Amino acid sequence: MNLTVHDITHQYKGFYALQGINMELTPGIYGLLGPNGAGKTTLLRILVDIISPTKGEVLYNNREISALGSQYRDILGYLPQNFSGYRNFTAENFLMYVADLKGLDKQAARERVQELLEVVGLHETKKKKLKNFSGGMSRRIGIAQALLNDPDILILDEPTAGLDPSERIRLRGILSQLSKNKIIILSTHIVSDIEYIADEVLLLKEGKLIASEKPSELLHQLSNHVWHIQIDENELEHFSSAFTISNIHQQGTRIELRIVSKTQPHPNAKNVEPRMEDIYVSYFENE
Ligand SMILES: Nc1ncnc2c1ncn2[C@@H]1O[C@H](COP(=O)(O)OP(=O)(O)OP(=O)(O)O)[C@@H](O)[C@H]1O
Ligand SMILES: [Mg+2]
């Protein structure tokens, strides 16, 4: 199974939201990381065939997705960024309704819905109406509806937004179990999601794919480039204008700085192990 993105460009009224994107995706978890406005949602909407790219094409097993039509939609699960479901439906009824839309038969749907309510931890609240759900609960019902048809391709636009740490960990577990025979793409701004879950990281910046690497490879690229130093309060201005800072921790009048730099920023600076956050700042805050 493969999903190929071939030279995708997307324009909104003359503004380039995506430019020359090429990707070759096979089963596994892809983490799409980029700041606000980078083009993540636009790319995901193109992958699920909600919008057509201005230029380029998306191929599923070597066939153009829009030509595949419902055949493609049948193997797709999608969680939109702004998913809210139908306010007056209970969680259970909403999932039954979506199952019906997706063409599951009644008995299979009943079983699948109960199973997924368990999986996303909403079994206890299945009789509650969606309008009374918290942000994290809405996200989870959104994830459940995306999984109803056991999709081969699962596309999740910020699935962890609003989830508390234990739900975030639970979701990682669910996705890793699923990922053996599925292509899973999730967007996020939360670097720790990517660090723990993604087999491959896709970095999107101003509409361009600037890296597509394994997390370990990205971390490796920064080895010996991340530094730790204690400075005095009044030195902060100098350091922040001269270097890329990935963390500031004030302790009284002393400040602990984490710096990303190819060369040693100061004789007292010591090398530390790179983390995903260092990668984020080095790619996105370098100008
Ligand atoms: N319907 C639209 N019409 C015009 N411009 C749009 C439209 N949708 C998105 N854009 C613009 O395209 C760019 C990419 O938007 P997109 O929503 O894909 O980014 P994103 O990476 O998902 O951001 P976020 O992290 O905030 O969700 C932004 O500059 C946005 O303002
Ligand atoms: Mg978005």
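Axes are lines fitted to C-alpha atoms, for helices over the stretch in contact, and angles run from 0 to 180 degrees between N-to-C directions. The model is predicted: local features need pLDDT of at least 70, side-chain atom pairs count only at pLDDT 80 or more, and totals for chains, interfaces and linings use all residues. Residues are numbered from 1 along each chain as its sequence is written.

**View 1. Packing of helix 4 and helix 6.** Helices (DSSP runs of H or I, at least four residues) and strands (runs of E, at least two) are numbered from the N terminus. The axes of helix 4 and helix 6 (residues 135-147) lie 10 Å apart, at an angle of about 25°. Helix 4 is therefore roughly parallel to helix 6 (angles under 35 degrees). Their crossing is right-handed, the near helix being turned clockwise from the far one by less than a right angle.

**View 2. Leu101 in helix 4.** Helix 4 covers residues 91-101 and includes Leu101. Leu101 has a relative accessible area of 60%, so Leu101 is exposed (over 50%; buried is under 20%, partly exposed in between; 1.4 Å probe, protein chains only).

**View 3. Asp7 in strand 1.** Strand 1 spans residues 3-12 and holds Asp7. Asp7 is not a glycine, yet has a positive phi of about 50°. Its relative accessibility is 28%, so Asp7 counts as partly exposed.

**View 4. Asn224 in a loop.** The loop with Asn224 runs between helix 9 (215-221) and strand 11 (226-232). Asn224 also has a positive phi, about 70°, although it is not a glycine. Most residues other than glycine have a negative phi. With 51% relative accessibility, Asn224 counts as exposed.

Notes:
Chains are lettered from A and ligands numbered from 1 in the order in which they are written. Side-chain values use heavy atoms; hydrogens and water are left out. Angles under 35 degrees count as roughly parallel, over 145 as roughly antiparallel, 65 to 115 as roughly perpendicular and the rest as oblique.
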